[in-house]
Amino acid sequence: EELTGSKSVSISGEINSSGDYPFFKGMTVIDLILMSKGITEKGSFEDITIYRSTYDKTQLNPIETIDFSLNEGYSNLNSDQNIELLENDLVVIRSKLGYQPKEFVSVSGLVKKPGNYALKSNNYSVFDLIKDFEGFLPNAELNGIKLKRKVQVEEIEALIKNIENENKDETVKLDEFIEIGLDINRIIKSNGLLNEYNLTLKSGDEIIVPKSDNSIEVSGSVQKATAMSYRKGLTTSAAINAAGGFGLDAKKSRVYVVYQNGSIKSTKSFLFFRKYPKLLPGSKVFVPKKAKNNNKTSVGEIVGYTTSLVSIIALIKSL
């Protein structure tokens, strides 16, 4: 035995501790499963395979496949089920047919039944979730409802890794979460039949339902950042005028509005005409600044050039 070296068998698949284990004479499948801490919740007792070397000299059939089943809980085993293993055997535990782990989304804010809800199907949508939590409370702001979703940073980083290698001076910063504005009124009115509004939910999604907000905020390149109460008919330009009007460095063609649900709309321009976004309760108006033009000549530089030119002319006349 000392001259033969170490012997082992292997187990993989839906097992709590997969890997290689020491082989001993008389070792069975159950011995190996118990050594590897048992089959997982996802694992199937009815679909187990042993792959065994045949040592076929022709090498036409190098591997023998043995398929068998075990009783749940390892009870009432017979000799046909508890197969004796040989050195270098590989045991594979497969997953249960149709098994899918439970996935959840959460709802917070002004709803009748906040909390966690399971994704009951692969196309479980916002409309399905609304039916499950039985609707909204009276002071809920339907125009401000948003979905918060965790970004799969690892997957995206893997996709852009090659780009970063080619452009080492450029770095990509990824947000941990993204926010998606939901048009709840359209979703409810269409009974969830409009797919462009009725988003399919993913595990970990969070729906946030805020209370009513009748304020309008204006900031950026205006005379004075301010807030005011929303009233029907209030326009973006009127809100900017209430903040003292545009600043000297305001980029008027790029004014945008951030709505309470996180969605953004920007100004549309055609020739000399501008159409500013519509305001809703809870909106935030932002006026960006013009980019600095480094090529523009300052007043000081113009005075310097003029003085130099006059000196040159005077010098020429004196010759």
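**Entry 1: ground rules**

I began with a definition: a contact means heavy atoms within 4.5 Å. With that in hand I looked up Glu 176, which touches Arg 149, Lys 150 and Val 151, leaving aside residues up to four places away in sequence.

I also noted that this is a predicted model, where local features need pLDDT of at least 70 and side-chain atom pairs count only at pLDDT 80 or more, while totals for chains, interfaces and linings use all residues. Residues are numbered from 1 along each chain as its sequence is written, and side-chain values use heavy atoms, with hydrogens and water left out.

**Entry 2: the whole chain**

I found six helices and 17 strands in the protein chain. Helices (H or I, at least four residues) and strands (E, at least two) are DSSP runs, numbered from the N terminus.

Of the 319 residues, 29% count as buried. Buried means under 20% relative accessible area, exposed over 50%, and partly exposed in between, with a 1.4 Å probe and protein chains only.

I then looked at contacts between residues at least 6 apart in sequence: 61% of them join residues at least 24 apart.

**Entry 3: back to Glu 176**

I placed Glu 176 in the loop between α3 (153-166) and β9. Glu 176 counts as partly exposed because its relative accessibility is 48%. I checked Lys 150 too: Glu 176 and Lys 150 are 26 residues apart in sequence, yet 6.0 Å apart in space, C-alpha to C-alpha.

**Entry 4: Ser 36**

Is Ser 36 buried or exposed? Ser 36 has 0% relative accessibility, so I wrote it down as buried. I found Ser 36 in the loop between α1 (29-35) and β3 (43-53). Its side chain reaches the backbone oxygen of Leu 32 at 2.9 Å. Ser 36 also touches Ile 11, Ile 15, Asn 16, Ser 17 and Tyr 21, again not counting residues up to four places away in sequence.

**Entry 5: a five-stranded sheet**

I traced an open sheet of five strands with mixed pairing, in the order β7-β6-β10-β8-β9. β7 (115-118) and β9 (177-181) stand at the edges with a single partner strand each, so one side of each has no neighbour in the sheet. The twist averages 25 degrees from one strand to the next.

For pairing, I used this rule: two strands pair if DSSP finds at least two bridges between them. Strands β6 (residues 104-109) and β10 (residues 206-209) pair in the parallel sense over four bridges. β6 and β7 run antiparallel and are joined by four bridges; they form a hairpin with five residues between them.

I liked Ser 106 here. Its bridge partner in β10 is Glu 206, and its bridge partner in β7 is Asn 116.

**Entry 6: aromatic rings**

How many aromatic pairs does the structure hold? I found two. Rings of Phe, Tyr and Trp (its six-membered ring) pair if their centres lie within 6.5 Å; planes under 30 degrees apart count as stacked, over 60 as edge-to-face and the rest as tilted.

Phe 133 and Phe 136 form an edge-to-face pair, 5.4 Å centre to centre with 75 degrees between the planes. Both Phe 133 and Phe 136 are buried.

The rings of Tyr 256 and Phe 286 have centres 5.4 Å apart and planes at 40 degrees, so I noted this pair as tilted. The pair links distant parts of the chain, 30 residues apart: Tyr 256 is in strand β13 (residues 256-258) and Phe 286 is in strand β17 (residues 284-287). Tyr 256 is partly exposed at 27% relative accessibility, and Phe 286 is partly exposed with a relative accessible area of 29%.

Conventions
Polar contact = N/O pair within 3.5 Å; in protein donor to acceptor, adjacent residues only side chain to side chain. Axes fitted to C-alpha atoms, helices over the stretch in contact; angles between N-to-C directions.
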